Amino acid sequence: MKITVIVPTYRRTKDLTRCLEALQKQSRPADEVLVVVRDTDNETRKFLEAIAPSNLPLRTTTVSIPGVVAAMNAGLDIAQGEIVAFTDDDAAPHSNWLAQIEAHFLTDAQIAGVGGRDWVYHGDRLEDGICPVVGQVHWFGRVIGNHHQGMGKPREVDVLKGVNMSFRRSAIGKLRFDQRMLGTGAQVHFEVAFCLTLKRAGWKLIYDPQIGVNHYPAQRFDEDQRQSFNYIAVANAVHNETLALLEHLSPTQQLAFGLWATLVGTRDAMGLVQFFRFLPNEGLLAGQKLRASWHGRWRGWRTWQSSNKILSLWRF
């Protein structure tokens with residue numbers, strides 16, 4: 001079973017060095033490592049030229065479109081492995097990462113995707129926590145991630161996380177990451193649309209907490225700066241989630257999702273209940289978050305509607 005590892009990167013050579021060193025230490029070596037570099041990222045291109053040849057089966061490819069979706073798809077287009085594993089340049093897979101991924105794929109031909117836990121480090125501090133529920137989509141559209149705090153035995157899930165996920169090539173076929181995802185860098189929730197498409201096709205996705213990567217969230221060079229509020233970043237993330245869910249849910253579920261998202265929501269994609277929950281402490285900021293969330297929901301619905309119209313015209 002041949003395995004390709006795809007690593008998208010952008011202007012983070014120190015992080016990329018750590019990632020490649022971790023891939024060199026795999027007990028089950030990668031058959032191919034593809035690093036996807038932006039055409040404007042001269043720093044990384046020079047870095048990769050300087051380290052070659054290495055003891056990794058390393059290949060590089062260039063992408064001109066900003067964003068992780070274009071980078072992932074560029075890697076997928078040329079990957080030669082029967083299994084394609086993804087991680088980020090700011091992650092360091094554990095030494096048994098590929099061995100455990102391969103073991104799962106060998107046990108069941110109906111498994112399309114395998115992922116695991118990312119152990120998140122903020123400097124030297126490990127973000128602690130344990131959550132038994134990971135990677136689930138509720139019937140009314142609430143998405144539960146918690147991949148960084150998973151525990152227990154391997155189990156079937158709805159969604160894997162981009163920093164630690166892998167897929168069977170024969171299950172993917174011509175499927176690619178959704179280019180309608182908004183954002184110029186991270187394009188948050190891009191995995192949701194991809195994973196739910198595989199679920200609708202009847203494939204299994206497995207989450208195993210023992211399949212680990214250390215994750216050192218690094219600087220982003222787009223509007224999404226992780227811990228600080230940015231209106232565009234929130235609206236883009238909510239747009240992406242909304243679009244993925246509307247394509248997955250039944251009409252009745254879509255209605256329930258619309259009501260829940262508008263009236264309740266989550267900490268990161270607020271509805272009215274969440275707004276009033278955070279209003280005492282955050283004041284005007286809570287209002288900006290609510291506005292960005294509703295804007296993202298509206299834009300997601302518009303994108304979904306536009307896509308349906310185009311599809312109807314094509315069928316006609």
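Tutor: A salt bridge is a side-chain nitrogen of Lys or Arg within 4 Å of a carboxyl oxygen of Asp or Glu. This is a predicted model, in which local features need pLDDT of at least 70 and side-chain atom pairs count only at pLDDT 80 or more, while totals for chains, interfaces and linings use all residues. Residues are numbered from 1 along each chain as its sequence is written, and side-chain values use heavy atoms, with hydrogens and water left out.

Student: What makes R180 and E247 a salt bridge?

Tutor: The closest N and O atoms of R180 and E247 are 2.9 Å apart, and the limit is 4 Å, so the pair qualifies. The pair links distant parts of the chain, 67 residues apart: R180 lies in the loop between α5 (169–172) and α6 (190–200), and E247 in helix α7 (residues 231–248). Helices here are DSSP runs (H or I, at least four residues), as are strands (E, at least two), numbered from the N terminus.

Student: Why is R180 called partly exposed?

Tutor: Buried means under 20% relative accessible area, exposed over 50%, and partly exposed in between (1.4 Å probe, protein chains only). R180 has 25%, and therefore counts as partly exposed. E247, at 30%, is partly exposed on this scale.

Student: Which residue does D90 meet in a salt bridge?

Tutor: D90 meets R12, at 3.8 Å from N to O. D90 is in the loop between β4 (83–86) and β5 (91–93), and R12 in the loop between β1 (3–9) and α1 (13–24), 78 residues apart. Both D90 and R12 are buried. A search of the whole structure finds 15 salt bridges; among them is K289 with E282, at 3.2 Å. E282 is partly exposed, with a relative accessible area of 24%.

Student: Why is α6 said to be roughly parallel to α7?

Tutor: The axes of α6 and α7 come within 9 Å and cross at roughly 10°. Axes are lines fitted to C-alpha atoms, for helices over the stretch in contact, with angles from 0 to 180 degrees between N-to-C directions. Angles under 35 degrees count as roughly parallel, over 145 as roughly antiparallel, 65 to 115 as roughly perpendicular and the rest as oblique. The crossing angle therefore makes α6 roughly parallel to α7.

Student: Which residues make the contact?

Tutor: With contact taken as heavy atoms within 4.5 Å, V192, A193, L196 and R200 of α6 meet A244, L245, E247 and H248 of α7.

Student: Why is α6 called largely enclosed?

Tutor: Eight of the 11 residues of α6 are buried, so the helix is largely enclosed by the rest of the structure. The buried residues include F190, F194 and L198. After α6 comes G202, whose phi is positive, near 95°.

Student: Is Q187 buried or exposed?

Tutor: Q187 has a relative accessible area of 7%, and so is buried. Q187 is in the loop between α5 and α6, and its phi is near 50°, a positive value in a residue other than glycine. R11 likewise has a positive phi, near 60°; R11 is in the loop between β1 and α1 and, at 38% relative accessibility, counts as partly exposed.
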